[in-house]
Amino acid sequence: MTATRTALAWEYSPAPEATDHIRLRDRYGLFVGGVWRDAETYEPTINPATEEPLAEIAHAGKADVEAAVAAAREALPRWQRLPALERGKYVFRIARLIQERARELAIVESLDGGKPIRESRDVDVPLAAAHFFYYAGWADKLRYGLAGRDAGPMGVVGQIVPWNFPLLMAAWKLAPALACGNTAVLKPAETTPLTALLLAEICQEAELPDGVVNIISGDGATGAALVRHPGIDKIAFTGSTEVGKDIQAATAGRDIGLTLELGGKSANIVFDDAAIDQAVEGIVNGIFFNQGHVCCAGSRLLLQESVAEEVVEKLWRRMGLLRVGDPLDKNTDVGAINSAEQLERIEALVDAGEREGATRRTVACALPERGYWFPPTLFTDVAPVNRIAVEEIFGPVVSVMTF
């Protein structure tokens, strides 16, 4: 069964963020050894709200991965010889330059990834700068924070980040690695490489020693080559469980560090003594933030039976107030789905939910004619064995179960 709800028609004047000051290159190469390197293959990165190409992006092959790892290995001794306080100064400088270019980075993040400008402007970019600031302070204090033990770098680290928080995830990976004296090879996601490449420009502007940070764009094959390179001392990966299993198998038996942050969502659970209005607002803010492209969005909603009907109806009314549309409009709550591939996955899982007997409610709202969009959707009568209860949808969809 399917039900729809028409969104409440508040009239807002358009409030688009200006983009005329953004100067993207027509083509971005690979950032290796402190310089830009050409690649044999280039592919466009697409604006998911318009399906228009933004720039041509290099795809690193095995030779490019080899060059990046070699540059990081060559830079490692001189980076480690720097006093920790001096390393911290470089990390601090990167943080300040992120702040200076914050508006540009926020707009490019929304253009390349589809997230609302309010989120990239107020969350992603400020937190990215804050992470570099934080670890800049830790650089010369590690032995005090570790009960007097010596903390040494692991060496050359390979870092692979996903498409849902491109710049912020890069900050999570790079800032602590640099503060501890490691050098890095970072591979951004195939569909959202632009802010990582702008971060390479920031590393140049900060006069970071050549080879300390290398940024190579590409697809899964690039990531696989990086994971399997014998010159890597540590792999840090954030992404899908499926790819994480492959990385774990590829690194088994090797003397290599490995950290994995993989997909999967904790549930939102509402008991009958909850403050219902506050709970509903928290659920909406979690589930529909960043189009549901969040590992901790809590889109499996478990409700105690005695309050289930009240919560569902209040949640449904609140969903009707969400504004779906142009990510660069400051009024937008739910932007574009990151890619055509991700939209197809959301649609397939939603179709499976209906086939398996769950009741679907979808907010009826006007969607742009071009781009990748999915309206906020609520499922009730969900069984624990349904695919939408078991698999991570990673979109603006909530599945309700009762207990």
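Student: Hi! Where is Phe271 found?
Tutor: Hello! This is a predicted model, and in it Phe271 lies in the loop between β12 (268-270) and α10 (276-287).

Student: Is Phe271 buried, exposed or partly exposed there?
Tutor: Phe271 has a relative accessible area of 43%, so it counts as partly exposed. The class in between runs from the buried limit of 20% to the exposed limit of 50%.

Student: And which residues form the nonpolar patch on the surface?
Tutor: That patch is made by Phe271 with Ile269 and Phe403. Together they have about 290 Å² of accessible area.

Student: OK, switching to charge. Which residues gather in the patch of negative charge?
Tutor: On the surface you'll find Glu43, Glu190, Glu341, Glu344, Glu347 and Asp351 gathered in a negative patch.

Student: Which helix gives the most to it?
Tutor: Helix α12, residues 340-355, gives the most, with four residues. Glu344 is found in that helix, α12.

Student: Why does Glu344 count as exposed?
Tutor: Because its relative accessibility is 54%, and exposed means over 50%.

Student: New topic, backbone angles. What is phi of Glu207?
Tutor: Phi of Glu207 is near 60 degrees, which is a positive value in a residue that isn't glycine. Glu207 sits in the loop between α7 and β9, and with 58% relative accessibility it counts as exposed.

Student: What about Asp381, what is its phi?
Tutor: Asp381 has a positive phi too, about 55 degrees, although it is not a glycine. You can look for Asp381 in the loop between β15 (377-380) and α13 (387-390). At 55% relative accessibility, Asp381 is classed as exposed.

Student: Back to the loop between α7 and β9. Where is Ala206 placed?
Tutor: Ala206 is in that loop, which runs between α7 (194-205) and β9 (213-215).

Student: Is Ala206 buried or exposed?
Tutor: Ala206 is buried, because its relative accessible area is 0%. Glu207, by contrast, is exposed at 58%.

Student: So which residues is Ala206 in contact with, leaving aside its neighbours within four places in sequence?
Tutor: With those neighbours set aside, Ala206 is in contact with Tyr90, Arg93, Ile94 and Leu97.

Student: One last thing: how far apart are the C-alpha atoms of Ala206 and Val311?
Tutor: Those two C-alpha atoms are separated by 51 Å, and Ala206 and Val311 are 105 residues apart along the chain.

How values were computed:
Residues numbered from 1 in each chain as written. Predicted model: local features only at pLDDT ≥ 70, side-chain atom pairs only at ≥ 80, totals over all residues. Heavy atoms only, no water. Helix = DSSP H or I, 4+ residues; strand = E, 2+ residues; numbered from the N terminus. Buried < 20%, exposed > 50% of the residue type's maximum accessible area, 1.4 Å probe, protein only. Contact = heavy atoms within 4.5 Å. Patch = residues over 30% accessible without salt bridge, like charges linked within 9 Å, V, L, I, M, F, W, Y side chains within 5 Å. Areas by Shrake-Rupley, 256 points an atom, 1.4 Å probe, with all protein chains shown as cover. Salt bridge = Lys/Arg side-chain N within 4 Å of Asp/Glu carboxyl O. Lys, Arg positive; Asp, Glu negative; His and termini not counted. Charge placed at Lys NZ, Arg CZ, Asp CG, Glu CD.
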